[in-house]
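Subject: Structure for you to look at

Hello,

Here is the structure I promised. Please open it first, then read my notes below.

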Amino acid sequence: MVWPIDLAILTLVVIVGIGALMVKDLLGAAILFGAYSFMMCLLWTIMGAVDVAFTEASVGAGVSTVFFVGAVFRTSRRTKD
Amino acid sequence: MGDIIQTIVAKYNFWIYITLMMIGLYAMIAKNNLVKKIVGMNIFQTAIILFYVSIGAKRGATIPILEHGHGGGHNVVHAIDYANPLPHVLMLTAIVVAVATLGVALALAIRVYDRYSTLEEDEILSQIREE
Amino acid sequence: MSLQYPGLIVVVPLLSALVISIAGWVNKRWCFPIAVAGLSVAAYSSVGLLFRVLDEGVIVYKLGGWDPPMGIAYYVDHLNGLVLAVVSVVALLNAIASKNSIEQEFPERIGPFYTLYVLMVTGLLGIVVTGDAFNLYVLLEIAALTGYGLIAMGGGRGPLSALNYLYMGTIGACFYLLGIGYLYIMTGSLNMVDIARILPDLYQSKAVMAAFIICMVGVWLKMAFFPLHAWLPNAYTFAPSASSSLIAPLVTKVMIYVMIRLILTIFTPEFSFNILAVSKPIVWLSVIAIFMGAILALSERNLKKMLTFIIIAEVGYMVGGAWLGNRVGMTGAILHIANDALMTLCVFLAVGNIVYKVKGAEFENLQGLFRKMPFTMGAFVIGAMSMIGVPPTCGFFSKWYLISGAIQAGQYGFMVALLFSSLVNVVLFFRVFEICYYEPFSDHHGHGDHHPEPIDEAPVTMLVPLFIVAAILVLVGLYTGDIVNHIVEFAIPKGLV
Amino acid sequence: MKVIGLIIAVLTGGLLIYAAGDFPAWSDPASPASTYLSPHFIEKTMEETSVPNIVTAVLADYRGFDTMFETTVIFSAGVACFLLLRAFRRKQPEARHYRHVLTGVTVRIKEGTKLPPSEDFERIDSLWTPHDLIIKTVCRLLIPFIQIFALYVIAHGHHSPGGGFQGGVILGASIIVLAISQDLRTAVKRMGEKLDALLCAVGVLIYAGTGALCLLLGLNFLDYSALASVLHVDPITARSHGILIVEIGVGVAVMATMIWIYNNVSSKGEYDQGL
């Protein structure tokens, strides 16, 4: 594994994670959550956990985000925090 | 000083997982919006998965799929060459559990929204008090 | 076939849950018989297993035929043999008793309801029987996810309280997972017995200590131990009666079993009580838990909610008893797991019968019930006596062990708390009896106006299981000595005195 | 609440950081986790199960019991979502709106009356998505390829990353793509609710049934080598085949559940038309 990439992605993960919690729009939070999952997936590929990364790419970045978007459409995008 | 930097770099993964876990935990307790809490819950779970995958990482090792699987058969496999597969297996299970929890949580949030027409916890509580 | 009992205990309920979910789409009437059949096989094999354990000692069952540290294995010893028997019998009795109320409350969702019900029992049985720390986590999540579904069926505030339970439950399960991860990174193993074999060299490690604390906090969250109890009362109160009489007796008790398993098997008493000097503060926490549970119960005007606060106090009993750090206290805690599961089932089934007929459990709905539903109330009295701790019901004996353990350990605060809580239980239950016995039944209160048919005794199918539970309460009380000498005595390792 | 949350998070983090000091260094080949159990898996998997992908072998065989319950978790989540959201006695709206696709004329139909059975009308309500030729066509072209890839992932899990779970999710995603690009009703017409529910249970049943079959054949639960006598192969190949069978079960269950949860969550359980 290449450790500079590792460090860079680890830092990005934290930034995207905080972003997903800070943004004042639930749809945006859902999309950022997808980005967060995808970063995680990259990270795990670097660490050699290909099966876990594959699962996270299909579940975390794929289906979970779709669930979030579907649920936000059925409720509301509004959030106070 | 050098020592500290050494420690920080050597266990960078662990520090990041702890940071993410704290972010997720804080969001689950302190956020007011129910869906935001669910996002926090997922970040929390992913952080733990990151921790386990970090356990499995091994310097200089490749992915845990044997080369020449059915070809030679005489190749001797050295454990040092492959990453530790066990945490990967455990975390596949944990990811599945996370998405299952997510589905149920979102379904519950939709039911809550149906009744109170809001996802903000303080507004729901004030509606309950008025009942 | 008896060699396969450990496999059957979990597999048969699982298969029957799957068959129920298919049968539910074909004909709803098939669900109940299949559920009862599956649960009966589980109950039969767990009782059979308990007797085999009594004869042969620890039974190891290798799943997939792999040897334990590689694969997953079941270890059945006296401790989980006892808990297994209690869990499966409670689940079976409740399934039979709650048939009518399920058909009354949600006639159209019988199929999925029974699927979740049996799956939850599968999860609980699996938690108890498994010998693999990670496998326990997966089963924990099965029991939890099905529990959220069952609680949220209640309508009204049900979904909101289930959602809060979900947040807390997920944090708890994740903490447990994290603790297991810490153990794994230090030992490289996931098998409970194997971890216990490796750990003694690592007792001084900070990571092992952290693992212990994190696991404990996770388990406490799941069992609603005092500062972490906020989710429990609403979740159990707003659940439909059929779910609450399954969840209330079993979930907290099974989590206490997990805690005792962590203390006794994974971390050994030596580490838990001697190296970590945290017994005293934890016993004091449980003292506060008992006081808070008792006081909060006093302020409730709803029978079901009052009982949920009593559960919080009971959790305090068992946590405190287990952490007294001596043999008598541990005996009391293990005995109380079985007794409390049975007596909680008894009172919750009685409340279920009341809700079935009266459509509410507020105190003003209960007036004159002794005349209207004499049999239900009779069983309720036995359950209440056991909760108070009146001999010969079983509640007395486990409390006796807990109090003697407290005296032996010099923890007088815990003793006072136990006595105080018993007194409060007297007040609580006699207040209910007074309302039910002396105040005349009137149609002006509660929902009395909405159903013109007169309130009478619950149907036989609901009464018979209730009587069986009440009889078991007395029988277990009478045979406490045998249970302690033949089962509980062997469940506690020799090292603990 | 914010203060409490902050205190709890910092306390937990502090404890974890304190404990992390004792960890073996990251990616250290000599750490206990890498030297105790994993060498056995890495070195023995091939001769004991004849599967080159160690993760698949450990997932479905050594720790197959975990995976069975992982599938059960997914199944119970599907049932729970169904139970929570699916409307059983929801009120029918008084009138429905239909649009004639070719002319664009919208008609209002009162309750009780029915349209002539024709493909030319589409119902306009909250599930309806506006037409977009490009998206619809692209998705329609894409879906078969997604599905073939998914089947490849399931079937090739022995040799490459992937397996029942990932393949099942991708297979489910192909139907979800259909539901997003056309509308939910079209997807439900292809893959109805009853089918979803049955496949969910059938998938887990394949897994648990394989295990139970081993039990009936005289060995322990999930000991696939018992299948050797049924499949007429040697016990080690039987393990490999057993893994394939359970992976298919996992794939079916996960696919159906993903679609089921999506249908329920994205429509609040109101997809009553077109069943």
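Start with the largest cavity. Its lining has 13 residues, and A:Glu56, A:Gly60, B:Asn42, B:Thr46 and B:Ala98 are the ones nearest its centre. Here a cavity is a set of points, on a 1 Å grid over the protein atoms alone, where a 1.4 Å probe fits but cannot get out; lining residues have an atom within 4 Å of a point. The volume of the largest cavity is about 90 Å³. A volume is the space filled by probe spheres set on the points, with grid points joined across faces, edges and corners. Two helices of chain A, α2 (26–46) and α3 (50–74), and two of chain B, α3 (34–56) and α4 (85–116), each give at least two residues to this lining. Helices are DSSP runs (H or I, at least four residues), numbered from the N terminus. By class, the lining has six nonpolar, six polar and one charged. Ala, Val, Leu, Ile, Met, Phe, Trp, Tyr, Cys and Pro count as nonpolar, Asp, Glu, Lys and Arg as charged, and the others, Gly among them, as polar. The whole structure has seven cavities of 30 Å³ or more.

A note on conventions. This is a predicted model: local features need pLDDT of at least 70, side-chain atom pairs count only at pLDDT 80 or more, and totals for chains, interfaces and linings use all residues. Residues are numbered from 1 along each chain as written, chains are lettered from A and ligands numbered from 1 in written order, and side-chain values use heavy atoms, without hydrogens and water.

Next, the largest pocket. A pocket is an open set with protein on both sides within 12 Å along at least five of seven lines. This one holds about 1,400 Å³ of space. It is lined by 41 residues, with C:Met168, C:Leu221, C:Pro227, C:Leu228 and D:Ile8 nearest its centre. The lining has 32 nonpolar, five polar and four charged residues.

Now the chains. Five pairs are in contact, and chains C and D share the most contacts. Contact means heavy atoms within 4.5 Å. Chains A and C do not touch; their nearest C-alpha atoms are 15 Å apart.

Last, two charges over rings. The charged end of C:Lys206 sits over the ring of D:Tyr18, 5.0 Å from its centre. The cut-offs are NZ of Lys or CZ of Arg within 6 Å of the ring centre and within 35 degrees of the ring normal.

Best wishes
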